[in-house]
Amino acid sequence: MDEIAEKSDFIRDIIREDLGKSKNTKKIYTRFPPEPNGYLHIGHAKAICLNFGIAEEFNGKCNLRFDDTNPTKEELEYVQSIKKDIKWLGFDWGQQEYYASDYFEKLFEFALILIKKGKAYVCDLSADEIRSYRGTLTSPGIQSPYRGRSIEENLLLFGQMRDGLFADGERVLRAKIDMSSPNLNMRDPIMYRILRSSHHRTGDKWCIYPTYDWAHGQSDSIENITYSICTLEFEDHRPLYDWFIEALGIHHPRQIEFARLNLTYTVMSKRVLLEMVEKKYVSGWDDPRMPTITGMRRRGYTPQAIRNFCQQIGVSKADSTIDMAFLEHFIREDLNKKTHRVMGVIKPLKVILDNYPAGAQEELDAINNPEDIEAGTRKVPFSKTLYIEQDDFMEDPHPKFYRLSVGREVRLRYAYFIRCTEVVKDKDGKIVEIHCSYDPLTKGGDAPDGRKVKATIHWVSAEHSLPAEVRLYANLFNNINPLKTEEGGNFKDNLNPDSLQTVKGCRLEPSLRGAKPGDTYQFERMGYFCVDPDSQNQETLIFNRTVTLKDDWAKIKTAG
RNA sequence: UGGGGAGUCGCCAAGUGGUAAGGCAACGGGCUUUGGUCCCGUCACUCAAAGGUUCGAAUCCUUUCUCCCCAGCCA
């Protein structure tokens, strides 16, 4: 690891305290336990970095375990995507790839033990009845009439449940705890339900499936997990997990809860993300606007940026919402160091250099990455007809605008100073092209007479440039908290209709020829862009804008 | 009005009785062939509030307030 300082947060503090002097004798085990019912998102990345990170730092191990206890929602596609995303993030679970479904038999035996101890019973109440018997937040529940069944009858019935003698939902196995507990999780929670649904791993072997509450803690115990790190909402499930573990007399992991990640202007709910995909509000789980790992990867995020982000946000128990700008800071930081700079004009404006010889052309030297001189230089072709960015020319310049305007001089990066002499418009008054003169003495970008220019702009040579499509992204939602809506509304009301802007007719410098999906560049002055997989078999390259560069001019402009 | 958590700068977050780290954002300035990067500076007399203990409190005690989670045979 490249971190110099020892990482510290309340979880690591607890572990250090537990370890105490026995630092070298105790082995610590963590686990990342996703349910394969959707793709991983940046919130999962936080949990992954925590669990794998801790295991690494304390010389322990981190298991990957799929909590696949609900076959109606889980699919193989999801387990594959989850494995791919964790690997991409740079973590390795080695041989420790487990599934709660691996423990179905063991869990069944555990259930038998509880029944024999009189701590679990088969209940014939319907789902509705169970709900009403449970009581409310402020009033205790009442006991099921089946609570007093004999151990023998429970054993028989539970066996019959497994053998498929009953219809789906007809009976359940419940823990016999306390119907008047102020903690609703302790009011005889359900351990098994009858569900005739094919499981992605066990097929049709089972028609009863353990609930998460029954499977999770025991799975951790079976795997000898020492720290079961989970999110806050499981805090009041902990007494239940403790109860099961103690009733069974098996290894007792220590559960520690932390606050899940929230990000402004997006949503971390798998339910919502699934709906976005299914209802086609986005192009898929890997839509570059999605906060999913696969979406961020396609957008151009790097594993390093995500890991740095996860490390810097910290871990605590206070609900928090991280500013999207914080995430963007880390991708800029990483890409600034790594990417080659290149010139690309997104919204072209034709420039004709009246005093440049027609038919002539030359090759100019450009630096690939000023942050990394080792990255070298490249040649960029120059000629009489160029394209510059429409936004770099203003007919009536704002007082703080110091780019091109009629009569003004700017530098073309790595090329020459040019001065605008004329604007040509069509009959509708739309600017079609501009004419400029160039100063041959300023080749390379410096004026021998020492005169300065206020701006340097990017450009491409029209005849040498490559066509491209660029996809510009904005927040998926307009509201800082998309789930916060008016009465009766839902997240769809907060969808940002302008979150994707597709720009065609962009022109790129020719060095980009042959760029492959996933390749990342900084388009000078415009932002970081990466080649989208959609450009695979097309003439025209397609780029995703990962993030803009910081832009003071944009701030001035919007401030008026 | 039951139970479980949490409240330190706009957003995160250190701090755990000795007199408020750091990052992001913001705002000034320097540098600049990217209005990028980089560099410098500003940004909590105050820690949800009110009392109390103490020489001394964000840290201890009391009371109050606010927010989040729990009534799936979801996880």
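Let's start where the protein meets its partner: the surface near RNA strand B is made of 23 nonpolar, 18 polar and 24 charged residues. Keep in mind as you look around that this is a predicted model.

Which residues get nearest to the RNA? Of the 65 residues around RNA strand B, the ones that come nearest are Ser316, Arg341, Arg403, Arg413 and Gly444.

Take the atoms of RNA strand B within 4 Å of the protein: 63% of them are part of sugar or phosphate, and the rest are part of bases. Each of these parts turns up in a contact you can find for yourself. For the phosphate, go to Arg525, where a polar side-chain atom sits 2.9 Å from a phosphate oxygen of RNA strand B. For a base, check Glu371, which has a side-chain N or O atom 2.8 Å from a base nitrogen of RNA strand B.

Next, let's visit a pair of strands. Strand β13 (residues 361–367) runs antiparallel to β14, and seven bridges pair them up. To spot one of these, look for Leu364, whose bridge partner in β14 is Val380. So how covered is strand β14 (residues 377–383)? Mostly: five of its seven residues are buried.

How values were computed
Residues are numbered from 1 along each chain as its sequence is written. Chains are lettered from A and ligands numbered from 1 in the order in which they are written. This is a predicted model: local features need pLDDT of at least 70, side-chain atom pairs count only at pLDDT 80 or more; totals for chains, interfaces and linings use all residues. Side-chain values use heavy atoms; hydrogens and water are left out. A residue is near a molecule or strand if one of its heavy atoms lies within 4 Å of it. A polar contact is a pair of N or O atoms within 3.5 Å; within protein, one must be able to donate a hydrogen and the other to accept it, and residues adjacent in sequence count only if both atoms are side-chain atoms. Ala, Val, Leu, Ile, Met, Phe, Trp, Tyr, Cys and Pro count as nonpolar, Asp, Glu, Lys and Arg as charged, and the others, Gly among them, as polar. Buried means under 20% relative accessible area, exposed over 50%, partly exposed in between (1.4 Å probe, protein chains only). Helices (H or I, at least four residues) and strands (E, at least two) are DSSP runs, numbered from the N terminus. Two strands pair if DSSP finds at least two bridges between them.
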